[in-house]
Amino acid sequence: MSARPAAPAKASISLAWVGLLPFALFAFLFLILPTMFIVVGAFRTPEGAFTLANVRGLFTPSILAAFWISIRVSFWSALIGCLIGFAMAAAITVGRLPNGARSPLLTFSGVASNFAGVPLAFAFLATLGRVGLVTILLREWFGINLYATGFNLLSFAGLTLTYLFFQIPLMILIVTPALDGLRREWSEAAQILGATRFQYWRMVALPILWPTLLGTLALLFANSFGAVATAYALTGSSLSIVPILLYAQIRGDVLGDPHLGYALAFGMIFVTGVANAIYMWMRARSEKWIR
Amino acid sequence: MKGNRFWAWSALIFGLIYFALPLIGMTEFSFRMRRGEYSFDAYRVVLADPNFRATFSYSVTLAVLTIILSVCLTVPTAYWVRLRMPRWRPVIEFVTLLPLVVPPIVIVFGYIRLYNTSSLLPLTGTITGTNALLVAGYTVLSLPYMYRAVDTGLRAIDVQTLTEAAQSLGAGWFTIMTRIILPNVLVAVLSGAFLTFAIVIGEFVLAALLNRPAFGPYMQLIGANRAYEPAALAVISFGITWACMGLIQLVTRFSQATRASR
């Protein structure tokens with residue numbers, strides 16, 4: 001290669017751009033430009049002048065309430081998903097369970113993390129709805145009337161419970177490789193130095209896993225924050241979370257101001273963007289330890 | 001260590017109960033249509049519904065088109081980046097991950113405003129245009145999975161040497177792409193393709209907001225109006241997702257087996 005004369009090599013470098021052109025054009029037209037259009041629209045008046053009024057318009061009680069309930073659902077489903085997912089992943093990696101448990105659980109996690117949207121809502125309605133299987137069994141076997149206790153599937157708690165169905169598997173898929181990366185030498189070294197199992201986890205394993213856990217928490221948060229279909233099929237528009245509000249706005253301008261819609265969409269990008277930035281930052285940190 | 005194993009078992013069993021209940025619940029519910037006994041009536045009604053067939057085949061067609069477009073975009077790009085423009089890799093990778101950051105509802109919101117009838121490129125004005133826009137949107141959603149799968153597949157082969165060998169034998173770029181690179185990353189491409197299929201088949205937001213008769217909006221409509229059919233649809237969807245993931249495992253395992261026997 002080095003024996004080649006300089007001129008043709010230069011020509012091929014300048015032509016190399018052409019190879020990326022189709023992808024660049026596609027990404028620009030169907031990903032970057034539409035997003036930019038929304039973001040720019042959030043900071044413009046209908047006449048095209050710069051303004052902060054749209055973003056300020058988000059700080060009205062009803063929209064703030066929608067953001068707050070969205071953030072709460074996303075946060076709790078992410079946190080509980082992280083805890084349960086971590087416990088299950090730990091069970092199949094370092095928990096000394098029979099080897100047969102591992103591969104089926106990972107396969108199932110791949111399926112369940114993609115089983116979201118409308119059908120997931122149906123599954124939970126058929127299970128915990130007013131005539132769902134669990135609701136009926138609780139009443140017939142234990143005499144517990146679930147809906148008399150204040151539980152409602154079409155609510156904050158119900159939505160969180162439903163989101164866990166794809167949050168837990170996603171956590172399992174992400175954290176299992178990290179747990180595999182914990183080297184046996186570390187636990188043996190801790191044991192030789194007289195550490196108990198608890199001390200090993202508190203002082204060695206968890207500090208190493210910490211960036212992974214925190215990063216995955218952020219990823220799960222973003223994952224559920226942008227989800228529309230499950231919530232829409234489950235609650236219709238009775239539960240006012242941000243994506244559903246935006247959906248209604250796009251369909252029929254319920255806010256009565258198109259540019260407030262842009263601001264709402266911008267608010268969503270902002271929240272998921274921050275969550276993803278935390279994820280990427282934490283991921284870069286965790287890769288120092290786990291290869 | 002006994003206590004350790006006890007906790008492992010309880011975590012696993014607790015999780016499995018949580019996962020099993022909705023699956024059992026939807027299956028049981030889907031059999032309940034006929035009063036007093038279990039039957040397949042809900043499935044019979046769903047499968048006989050002409051709208052089910054129309055929307056389902058529409059979504060399958062769209063999924064296939066999405067996979068084709070996605071492969072045509074990602075394979076040459078990932079190959080070219082590895083071969084000639086390695087410095088651009090982080091940028092391209094970042095762009096392919098953007099659809100995970102920007103929620104789909106925001107992307108389609110942009111489409112509706114950007115490509116409406118009064119714009120330079122009035123795609124939403126015609127049915128063909130809207131279909132094309134929907135395929136483009138699905139391709140965007142598939143980018144993170146497809147690009148990463150293909151890029152990982154390319155890592156396993158020596159792109160530089162293969163290209164030079166093919167070129168010295170007189171192959172052009174098209175031949176290199178279709179007869180050298182694609183067969184070598186076929187397993188990765190298939191994995192990405194099945195995942196894309198699973199995503200597109202049940203997708204709701206894009207199709208609903210672009211007003212196209214896809215399977216996702218159809219399911220939502222049935223869910224709002226019927227009692228037992230939604231559970232049957234959920235079982236069918238779960239079966240499709242399961243089949244897609246099973247196929248991914250199958251091709252991966254098959255390729256490992258053939259590679260090991262070489």
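Mentor: The following account takes the helix pair and then the domains.
The model is a predicted one. In chain B, helix α3 spans residues 50-83, and helix α7 of chain B spans residues 159-168. Their axes come within 9 Å and cross at roughly 100 degrees. Angles of 65 to 115 degrees count as roughly perpendicular, and α3(B) and α7(B) are therefore roughly perpendicular to each other. On the side of α3(B), the contact is made by Y79(B), R82(B) and L83(B); α7(B) contributes V159(B), Q160(B) and T163(B). Sorted by class, the contact of α3(B) with α7(B) has 3 nonpolar, 2 polar and 1 charged residues.

In chain A, the division is into domain 1, residues 1-42, and domain 2, residues 61-286. The C-alpha centres of domain 1 of chain A and domain 2 of chain A are 37 Å apart. Their contact takes 4 residues from domain 1 of chain A and 6 residues from domain 2 of chain A. On the side of domain 1 of chain A that touches domain 2 of chain A, there are 3 nonpolar residues, 1 polar residue and no charged residues.

A record also bears on chain A. The UniProt annotation "domain: ABC transmembrane type-1", from an unreviewed entry, covers residues 67-281 of chain A. Within the model, this span of chain A is 77% helix and 0% strand, and the end C-alpha atoms of residues 67-281 of chain A lie 24 Å apart.

Conventions
Residues numbered from 1 in each chain as written. Chains lettered and ligands numbered in written order. Predicted model: local features only at pLDDT ≥ 70, side-chain atom pairs only at ≥ 80, totals over all residues. Axes fitted to C-alpha atoms, helices over the stretch in contact; angles between N-to-C directions. Helix = DSSP H or I, 4+ residues; strand = E, 2+ residues; numbered from the N terminus. Parallel < 35°, antiparallel > 145°, perpendicular 65-115°, else oblique. Contact = placed C-beta atoms within 7 Å. Nonpolar A, V, L, I, M, F, W, Y, C, P; charged D, E, K, R; others polar. Domains from an automatic or database assignment. UniProt positions renumbered as here; feature names shortened; annotations may be inferred.
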